[in-house]
Amino acid sequence: MDAKTVYFSDRFFSTGFTDIVNENNDKLGELNLQSMFTAGIHVLDERGDVSYSGKFRFFSNAWLVFDRYGEEIGVLKAKMSLFSKRYWYEGSQGELEIESPAFSREYTVSTMGGETVAEFKRTDGFFGAGAFALSNHSKIPMEELILVVMGVHAIQKRHNNAAST
């Protein structure tokens with residue numbers, strides 16, 4: 001995916017296909033949202049082939065990212081923080097930190113040296129299923145960053161579901 005900004009979304013029951021589009025609404029690929037029992041996601045290219053995948057590690061809150069060959073290339077974890085939402089990702093380009101102020105819907109992805117490599121924000125309504133705009137300012141593959149964003153979203157959904165029970 002050559003676009004610098006892409007738009008994509010989750011579904012209420014986290015299953016089925018959703019489009020990945022650019023700012024002109026041109027379809028660049030799809031997200032294949034697996035069943036809520038597997039909580040996995042495949043990023044499909046324009047031809048419908050799996051390019052990257054993400055899922056939770058078995059009995060863990062660690063979100064794993066895989067390349068098209070099924071090789072693990074990254075892991076995303078939540079970090080404890082009182083006044084912000086923070087995540088740590090170790091992936092194909094090294095360690096990244098994902099951070100957002102406590103009540104914000106905008107996130108910054110930066111290197112450990114403080115360089116911003118990507119930004120994303122939730123664009124859905126307050127009770128929406130989760131729609132995102134992702135801007136990539138780096139050489140990190142867009143598909144990998146999409147799975148990082150969806151991993152952050154999946155971790156938040158798990159946390160919210162655990163808090164409501």
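Rings of Phe, Tyr and Trp (the six-membered ring of the latter) were taken to pair if their centres lie within 6.5 Å, with planes under 30 degrees apart counted as stacked, those over 60 as edge-to-face and the rest as tilted. The structure is a predicted model, in which local features need pLDDT of at least 70 and side-chain atom pairs count only at pLDDT 80 or more, whereas totals for chains, interfaces and linings use all residues. Residues are numbered from 1 along each chain as its sequence is written, and side-chain values use heavy atoms, with hydrogens and water left out. The protein averages a pLDDT (the predictor's confidence in each residue, from 0 to 100) of 89, and 90% of the residues score at least 70.

By the ring criterion, the count comes to 5 aromatic pairs. One of these joins Phe-58 and Phe-59, whose ring centres are 4.4 Å apart and whose planes stand at 70 degrees, so the pair is edge-to-face. Phe-58 is exposed (over 50% relative accessible area, against under 20% for buried and partly exposed in between, with a 1.4 Å probe and protein chains only), at 72% relative accessibility, and Phe-59 is likewise exposed, at 78%.

The rings of Phe-120 and Phe-132 have centres 6.5 Å apart and planes at 65 degrees, so this pair is also edge-to-face. The pair links distant parts of the chain, with Phe-120 in strand β11 (residues 116–122) and Phe-132 in strand β12 (residues 131–136), 12 residues apart, strands being DSSP runs of E of at least two residues, numbered from the N terminus. Both Phe-120 and Phe-132 are buried, and together with Phe-8 and Tyr-107 they form one aromatic cluster.

Key
Helix = DSSP H or I, 4+ residues; strand = E, 2+ residues; numbered from the N terminus.
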